[in-house]
Amino acid sequence: MKRILLAVTGGIAAYKAIDLTSKLTQANYDVRVMLTDHAQEFVTPLAFQAIGRNPVYTSTFIEQNPKEIQHVALGDWADAIVIAPATANTIAKLAHGIADDMVTSTLLATETPKFVAPAMNVHMYENNRTQYNMSVLRSDGYQFLEPGEGFLACGYVAKGRMEEPLQIVERLNMFFNNNNSLEIDSSFKGKHALVTAGPTVEELDPVRYLSNRSSGKIGYALAESLSKRGANVTLVSGPTHLTAPENVTLKSVQSAEEMFEAVKSIYDTQDIVFKAAAVSDYTPAEPLEHKLKKQDGTLSVSFKRTTDILKYLGDNKSHQFLVGFAAETQNIEAYAQKKLQHKNADVIIANNVGDRTIGFSSDDNDYTMYFKDGESLSLGKEKKVVLAEHILESLETRWQ
């Protein structure tokens, strides 16, 4: 049984740490919890003790076992330490070696692998000082569990939500299943992988444009997962609010034509391609130089077809393995199979975007993979970050 030391610091997301304790316990981890004074303003030690069935530690000066120095022994006991939520204040203290409470003292006194799940206001997260402090910790070997986007306690809808407990458990599972390493022994290691993500934007005039609801989340999750597996990843992305994963080359584009040119320019050097972007099928035939003014009656706009990027890739592939996506609202399997053949893809990953509880703007999706050899694989409803892992796991022995 692996041992997790959970450090909870003083943010509103501390309530999620209770759920995380439960999820870790259910996953057969032995969990002990440390709480800062500020964390105890939001949650109580009793909640964690009841769920984890272990002592909860709140003070450097309360030594429960006189035969050991508690904050040193706890660090030695753990196989991994998770700071969740990690506030900007705690991240700053750790980056500067300040040890003025149970959590920071323990972290300064151990060489145990450490995982940080930041949670804070988006402006605090994006502040140059916070970003610098996180870069210092990364250079010291801390692993960061990137916060998600959503409704924050401050009222903003933006990045800053603590990573979901299930995803933290998945990350720890991956770490321990790979012999305490985040570098995975993978068939993708050393290969060149291209991922497209997000929507495209087709300008009608300087004010208006045609686009779609794609968030880019599955493409970014695939890029991150491929990078963890040692691939050399290029992410060609339309406009999103997401942060590019570490060690991934980001090429930002706007229109379908820009995405096509970016993909075409490096296609010959790629080994595997995930065409996850939701590319506009049409673009205004004659974009206006000036704003289109209101007028009486109806308005007609002429559109022309954009380049079918997946079709181009399928028609021009030599050694590449090509994975496409099909976002459908009906006859999902039939359309996916047709796309698989017509686009000369090796795999089509399909989902029902008519279900508003999953898909474009959601963190969840429900994919089925259709393979060129006639097989299919249902991945079920999961978080997109989890689905990205499942997609790559299913391709590890297939794609070459």
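Trainee: Helix H9 (residues 217–228) and helix H13 (residues 384–395) pack with their axes 8 Å apart and at an angle of about 50°. Why are H9 and H13 called oblique to each other?

Mentor: This is a predicted model, in which local features need pLDDT of at least 70 and side-chain atom pairs count only at pLDDT 80 or more, while totals for chains, interfaces and linings use all residues. Residues are numbered from 1 along each chain as its sequence is written, and side-chain values use heavy atoms, with hydrogens and water left out. Helices (H or I, at least four residues) and strands (E, at least two) are DSSP runs numbered from the N terminus. Axes are lines fitted to C-alpha atoms, for helices over the stretch in contact, and angles run from 0 to 180 degrees between N-to-C directions. Angles under 35 degrees count as roughly parallel, over 145 as roughly antiparallel, 65 to 115 as roughly perpendicular and the rest as oblique. The angle of H9 and H13 is about 50°, and the pair is therefore oblique.

Trainee: Which residues of H9 and H13 meet?

Mentor: With contact meaning heavy atoms within 4.5 Å, the residues that meet include Ile-218, Ala-221 and Leu-222 in H9 and Val-385, Ala-388 and Ile-391 in H13. By class, this contact has 8 nonpolar, 1 polar and 4 charged residues, where Ala, Val, Leu, Ile, Met, Phe, Trp, Tyr, Cys and Pro count as nonpolar, Asp, Glu, Lys and Arg as charged, and the others, Gly among them, as polar.

Trainee: At what angle do helix H1 (residues 14–26) and helix H8 (residues 165–177) pack?

Mentor: The angle is about 45°, with the axes 9 Å apart, and that makes H1 oblique to H8. The H1 contact residues include Leu-20 and Leu-24, and those of H8 include Ile-168 and Leu-172; the whole contact divides into 7 nonpolar, no polar and 3 charged residues.

Trainee: What is the order of the strands in the open sheet?

Mentor: Its 8 strands follow the order S13-S12-S9-S14-S17-S18-S19-S20, with mixed pairing; two strands pair if DSSP finds at least two bridges between them. Strand S13 (248–252) and strand S20 (376–383) each have a single partner strand and stand at the edges, so one side of each is left without a neighbour in the sheet.

Trainee: How many bridges join strand S9 (residues 192–197) to strand S12 (residues 232–237)?

Mentor: There are 6 bridges, and the two strands run parallel, with His-192 opposite Asn-232 in S12. S9 also pairs in the parallel sense with strand S14 (residues 272–275), over 4 bridges, and the bridge partner of Ala-193 in S14 is Ile-272.

Trainee: Why does Asn-121 count as buried?

Mentor: Buried means under 20% relative accessible area, exposed over 50%, and partly exposed in between (1.4 Å probe, protein chains only). Asn-121 has 18% relative accessibility, so Asn-121 counts as buried, although its place is in the loop between strand S5 (114–118) and helix H6 (122–126). By the criterion of under 20%, 5 of the 6 residues of S9 are buried too, and S9 is mostly covered.
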